[in-house]
Amino acid sequence: MKKFVLLLISLTMLISVFLVSACGKTDEGGTSANASSSSIEESSSSGKISRNLGGTSASAETDLSTDISETSTQIGTSQSTEGQISGDSFYPSTNVTAPDGVSSNVALLIMQITSLEITPSNYLYMELSIKDAEDFYNTLTPSEKEQVINYNDLVSARNAYNKLVSQATIKAFLEDYETFDKVTSLDKSHVALVAGLKSTANTLTSAQTAEIADFASKKSKIESAYESLKSQGFMQFTFIADDQSVAQSTFFIFSNSSPETGSTGQDKFTVDGKYVSNTVRFNFGETITFNSSISGNLKIYCSNNDRTVTCTHDDGTAIVETKVMLPDADDNNYREFNLPKAGNYTLSLNEGEIFIYAIILTA
């Protein structure tokens with residue numbers, strides 16, 4: 001009888017342990033399921049980040065300002081100059097739902113804006129996404145625009161991007177200036193550095209210069225170095241058909257590496273202090289590209305006055321052409337362009353052909 005009672009008690013205890021274990025697993029599974037279908041709001045330096053994960057709604061607030069700062073610092077030690085900048089991140093509201101009855105375009109744009117997260121580590125890749133959303137918005141009708149309930153997030157994304165770009169520009173300028181400030185004797189190897197600093201200094205906004213300590217004296221020193229190099233003839237890039245072939249040109253790159261060349265047979269004007277007579281044929285559909293470290297004045301000496309030469313910066317900026325006839329009886333002239341900044345440029349024709357004597361870029 002005692003054995004039977006002991007066996008019964010043991011069996012009862014085993015059943016109890018099994019039931020408790022099963023309940024525990026059920027609770028864990030329930031917690032996991034709820035977590036995977038909740039809506040979590042995280043607090044950041046710019047406000048709450050809404051992450052709509054579907055299902056039932058639950059929330060948890062976490063102060064991420066310290067985490068974001070630490071992450072930015074860690075990124076800065078391993079990425080490029082742009083990645084090292086510090087700045088506020090922008091996170092759009094992602095739990096936005098398009099109102100009933102709006103057009104498909106409005107609904108699509110609302111969804112598109114919810115993806116515009118801007119951070120110090122990704123902003124370089126977000127400009128196109130921001131512009132796409134802005135261009136899309138501009139195609140909407142006035143009534144549709146009013147229905148884009150998260151339009152302010154698009155504006156904030158653009159502002160955050162612009163701020164990070166500004167900070168990166170200042171950082172790059174200061175790093176280049178630090179290198180320049182250590183130079184004891186200027187020579188032609190410093191042309192790109194000095195010209196780049198001058199170009200940047202001239203394009204900084206008043207808000208940017210206010211963030212740079214002793215900016216006026218820095219700019220003055222850069223200007224003096226620029227003028228010194230210019231006086232030595234280093235701030236000039238030249239292609240003269242009399243002196244070199246297209247294939248030899250390392251600054252002005254012709255897309256047609258073997259164009260027709262010829263001579264006018266007459267010395268009627270001088271270019272860069274020299275009489276010129278040989279020309280290179282430049283046709284519609286061809287291009288001449290150059291990557292300039294300086295801003296300045298570009299002149300194309302050529303024959304044929306009824307063609308328009310276009311000069312375009314890689315960012316889309318078009319430089320207006322000025323035609324100046326040379327004092328001779330023929331159709332010789334030069335096309336003048338004032339380049340506002342350093343960068344990649346492309347020369348092309350609107351139609352026909354011209355015959356180029358020389359191309360000269362002077363600071």
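**Strand E15 and selected residues**

His-313 stands opposite Tyr-345 in strand E15, strands (E, at least two residues) and helices (H or I, at least four) being DSSP runs numbered from the N terminus. The model is predicted, so that local features need pLDDT of at least 70 and side-chain atom pairs count only at pLDDT 80 or more, whereas totals for chains, interfaces and linings use all residues. Residues are numbered from 1 along each chain as its sequence is written, and side-chain values use heavy atoms, with hydrogens and water left out.

Strand E15 pairs in the antiparallel sense with strand E11 (residues 309-313) over five bridges, where pairing requires that DSSP finds at least two bridges between two strands. An antiparallel pairing over five bridges also links E15 to strand E9 (residues 288-292), and within it Ile-288 has Leu-347 as its bridge partner. Because five of its seven residues are buried, E15 is largely enclosed by the rest of the structure; buried means under 20% relative accessible area, exposed over 50%, and partly exposed in between, for a 1.4 Å probe and protein chains only.

Ser-348 belongs to E15, which spans residues 343-349. Apart from neighbours within four places in sequence, Ser-348 is in contact (heavy atoms within 4.5 Å) with residues including Phe-282, Glu-286 and Thr-310.

Elsewhere, Phe-269 is placed in the loop between strand E5 (261-263) and strand E6 (270-271), and counts as buried because its relative accessibility is 9%. Phe-269 and Asn-332, 63 residues apart in sequence, are separated by 9.3 Å in space, C-alpha to C-alpha.
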